[in-house]
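Here is a protein model with a ligand. Look it over, then work through the questions and answers that follow.

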Amino acid sequence: MRIDIITIFPQYLEPLRLSVIGKAIERGTVDLNVHDLRDFTHDRHRTVDDTPFGGGPGMVMKPEPWGEALDAALSNRQADQRPTLVLPTPSGQRFDQPMAAGLAATDWLIFACGRYEGIDARVVEHFREQVDVRELSIGDYVLAGGEAAVLVMAEATIRLLPGVLGNADSAPDDSFSPTREGAPLEGPIYTKPQVWRGLEVPAVLRSGDHGAVADWRRAQSVQRTSEQRPDLAQDDLG
Ligand code: SAM
């Protein structure tokens, strides 16, 4: 999978080069290209923002550098390639696990990190002809810029690519996975030692009875989901 990220803070994306995601990049499962938006400006101050038409507070990202940056990212596109352009924005659709799976099924993602009050709306309008546009929010709050949202969405997506996770069984069993048993949230998990600070691992998990373990995990998943996320629980309790 190819991933391009356009930002005024390229260093912000460096954490993607750590851990399992970093290994996926090292192995070539992901071809990560981070671009500095300011490289596509032509003035002494490398300006990327200007005042909003119609007035109001804050600054808006200018369309010209975005146009040039996206033209450059798309320049070696094959005729049959249609990348997905992801614009992180609090006014987008809420990003979730099925969306991560959807993005993982594509072969080319371009993330455009907004700053200030966001990007001039004509940029999306113009590039819709060449790319599939997804305007996505990571939650109902406002960040200072799109970089943190891109770290979240890229990591959630890349870990679903074949071969990225050490244990192939772990993703299908994660919270929100459509293939997991029980309710959407995973219940409590334990490791050795059997007793820690007087707290014992539930006996059923040490019983060797796989059926009983599965039943217990399912019940814990249902309980946790109804306690933590009653909005998700309904479907699974019936
Ligand atoms: N004026 C915008 C609004 O009210 O919708 C907020 C702009 S925010 C200060 C600057 C940038 O941060 C946005 O362009 C977007 O890239 C990013 N951002 C902020 N909150 C986000 C969220 N919840 N999800 C995804 N991106 C977000």
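Q: Where is the place of T7?
A: This is a predicted model. In it, T7 belongs to strand 1, residues 2-7.

Q: Why is T7 called buried?
A: Buried means under 20% relative accessible area. T7 has 0% relative accessibility, so T7 counts as buried.

Q: What makes the pair T7 and E147 a polar contact?
A: A polar contact needs a pair of N or O atoms within 3.5 Å. The side chains of T7 and E147 are joined at 2.7 Å, so the pair falls within that cut-off.

Q: Which backbone atom lies 2.7 Å from a polar atom of the side chain of T7?
A: The backbone nitrogen of F9 does.

Q: Where is S177 found?
A: S177 sits in the loop between helix 6 (170-173) and strand 8 (195-196).

Q: Why does S177 count as buried?
A: The relative accessible area of S177 is 10%. The cut-off for buried is under 20%, so S177 is buried.

Q: What does the side chain of S177 reach?
A: It reaches the backbone oxygen of P172 at 2.9 Å. A polar contact of 2.9 Å also joins the side chains of S177 and T179.

Q: Is G118 buried or exposed, and where is its place?
A: G118 is in the loop between strand 6 (108-112) and helix 4 (122-127). Its relative accessibility is 18%, under the 20% cut-off, so G118 counts as buried.

Q: How many residues apart in sequence are G118 and P63?
A: They are 55 residues apart in sequence. In space, C-alpha to C-alpha, G118 and P63 are 11 Å apart.

Q: What separates the C-alpha atoms of V195 and D43?
A: The separation is 65 Å. Along the chain, V195 and D43 are 152 residues apart.

Q: How many residues surround the ligand, and which are the closest?
A: The ligand is surrounded by 18 residues. P88, E117, G139, Y141 and L143 are the closest.

Q: What lies 2.9 Å from a nitrogen atom of the ligand?
A: A polar side-chain atom of E117 lies there.

Q: How much of the accessible area of the ligand does the protein cover?
A: On its own, the ligand has 580 Å² of accessible area, and the protein covers 82% of that.

Q: Where does the ligand sit?
A: The ligand sits in the largest pocket.

Q: Which elements give two or more residues to the shell around the ligand?
A: They are strand 5 (84-94) and strand 7 (132-137). Strand 5 gives the most, with three residues.

Q: How do the residues of the shell around the ligand divide?
A: There are 10 nonpolar residues, seven polar and one charged.

Q: How many helices and strands are there in the protein?
A: The protein has eight helices and nine strands. Its C-alpha atoms fill a box of roughly 70 × 40 × 40 Å along the principal axes. Of its 238 residues, 39% are buried.

Methods. Residues are numbered from 1 along each chain as its sequence is written. This is a predicted model: local features need pLDDT of at least 70, side-chain atom pairs count only at pLDDT 80 or more; totals for chains, interfaces and linings use all residues. Side-chain values use heavy atoms; hydrogens and water are left out. A residue is near a molecule or strand if one of its heavy atoms lies within 4 Å of it. A polar contact is a pair of N or O atoms within 3.5 Å; within protein, one must be able to donate a hydrogen and the other to accept it, and residues adjacent in sequence count only if both atoms are side-chain atoms. Accessible areas come from the Shrake-Rupley method with a 1.4 Å probe; for residues, only the protein chains shown count as cover. On a 1 Å grid over the protein atoms alone, a cavity is a set of points where a 1.4 Å probe fits but cannot get out, and a pocket is an open set with protein on both sides within 12 Å along at least five of seven lines; lining residues have an atom within 4 Å of a point. A molecule sits in a cavity or pocket if more than half of its atoms lie within 2 Å of its grid points. Helices (H or I, at least four residues) and strands (E, at least two) are DSSP runs, numbered from the N terminus. Ala, Val, Leu, Ile, Met, Phe, Trp, Tyr, Cys and Pro count as nonpolar, Asp, Glu, Lys and Arg as charged, and the others, Gly among them, as polar. Buried means under 20% relative accessible area, exposed over 50%, partly exposed in between (1.4 Å probe, protein chains only).
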